[in-house]
Amino acid sequence: MEYRTKEEQVADYLREGIISGRLPRGARLKQTEIAQELKISITPVREALKLLEAEGYLSSDSYRGATVAPFDVEASTEILKLRITLETQLVESAVRNITAEEIAELRELARQFEEAALANDSTAARGINYRFHRRMYDFARLPKTLHFVQVLWAQYPFDVINRIGGRAVRAAKEHSELLKNVIEGDAAGAMLTMRQHIETGWNELRNSLPARTENSVKSKSSEKETL
């Protein structure tokens with residue numbers, strides 16, 4: 001990916017780590033360790049952590065420093081609707097703006113994701129999944145919309161969804177259908193496929209939750225719809 005600053009490069013590296021589950025919820029992030037891992041100075045790391053805290057990926061206090069923020073399952077029902085609204089818009093714009101070279105990049109990412117899913121390499125699959133969606137949305141050329149989506153991603157339980165048994169293999173098939181829509185220039189089809197992709201992941205999560213938590217989610221969702 002192309003970045004304007006080192007800060008953005010670090011921030012995206014950490015976003016991928018959080019969304020993929022490589023950096024688990026509650027994990028403490030140490031500036032010096034990140035700087036050493038990426039072979040850069042402390043300054044862009046410090047600024048990246050501030051950015052991610054503003055987006056909701058991290059929380060911080062004077063004792064523990066920066067830690068990966070937990071997610072609220074009940075809040076996720078509202079985030080689900082916002083994701084569908086914004087991400088379908090990004091997909092529609094991507095279909096209309098994508099180049100042949102960019103399609104080739106998405107093909108390769110989809111291939112890598114399927115390969116990792118079939119090999120049951122969940123860590124690799126989660127990281128590639130992030131890059132597949134992020135790159136597709138980059139190609140939409142709607143940076144402000146993408147920014148809001150990244151804020152929503154901070155509060156969405158991707159790491160939990162991606163650990164559901166067989167989810168990666170099913171997601172690979174959904175990616176293939178989405179990519180087919182994009183290649184064919186079918187914006188309406190791509191929007192529908194993306195909506196179904198997001199909803200399927202959420203439904204699989206909900207079905208995997210303990211009954212009490214699931215009922216709480218349904219109740220909270222029902223309250224929002226009534227208000």
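The crossing of helix 5 and helix 9 is left-handed, and in this predicted model the axes of helix 5, residues 100-118, and helix 9, residues 167-183, come within 9 Å and cross at roughly 165°. Since angles over 145 degrees count as roughly antiparallel, that crossing makes helix 5 roughly antiparallel to helix 9. On the side of helix 5, the residues that take part in the contact are Ile-103, Leu-106, Arg-107, Ala-110, Phe-113, Glu-114, Ala-117 and Leu-118, and they meet Ala-168, Val-169, Ala-171, Ala-172, His-175, Leu-179 and Ile-183 in helix 9. Sorted by class, this contact of helix 5 with helix 9 has twelve nonpolar residues, one polar residue and two charged residues.

Helix 9 also packs with helix 6, and here the angle is about 20°, with the axes 12 Å apart. Because angles under 35 degrees count as roughly parallel, helix 6 and helix 9 are roughly parallel to each other, and their crossing is left-handed. In this contact Ala-125, Asn-129, Phe-132, His-133 and Met-136 of helix 6 meet Ala-168, His-175, Leu-178 and Val-182 of helix 9. The residues of this contact divide into six nonpolar and three polar, with no charged residue among them.

Rolling a probe the size of a water molecule over the atoms shows where empty space is left. The second largest pocket holds about 430 Å³ of space, and of the 30 residues that line this pocket, the closest to its centre are Ile-161, Asn-162, Arg-167, Ala-168 and Ala-171. Helix 5, helix 6 (122-138), helix 8 (158-161), helix 9 and helix 10 (187-208) each supply at least two residues of the lining, while the largest share, six residues, comes from helix 6. By class, the lining of the second largest pocket divides into 16 nonpolar, nine polar and five charged residues.

Definitions and conventions:
Residues are numbered from 1 along each chain as its sequence is written. This is a predicted model: local features need pLDDT of at least 70, side-chain atom pairs count only at pLDDT 80 or more; totals for chains, interfaces and linings use all residues. Side-chain values use heavy atoms; hydrogens and water are left out. Axes are lines fitted to C-alpha atoms, for helices over the stretch in contact, and angles run from 0 to 180 degrees between N-to-C directions. Helices (H or I, at least four residues) and strands (E, at least two) are DSSP runs, numbered from the N terminus. Angles under 35 degrees count as roughly parallel, over 145 as roughly antiparallel, 65 to 115 as roughly perpendicular and the rest as oblique. A crossing is left-handed if the near helix is turned anticlockwise from the far one by less than a right angle, and right-handed if clockwise. Contact means heavy atoms within 4.5 Å. Ala, Val, Leu, Ile, Met, Phe, Trp, Tyr, Cys and Pro count as nonpolar, Asp, Glu, Lys and Arg as charged, and the others, Gly among them, as polar. On a 1 Å grid over the protein atoms alone, a cavity is a set of points where a 1.4 Å probe fits but cannot get out, and a pocket is an open set with protein on both sides within 12 Å along at least five of seven lines; lining residues have an atom within 4 Å of a point. Grid points are joined across faces, edges and corners, and a volume is the space filled by probe spheres set on the points.
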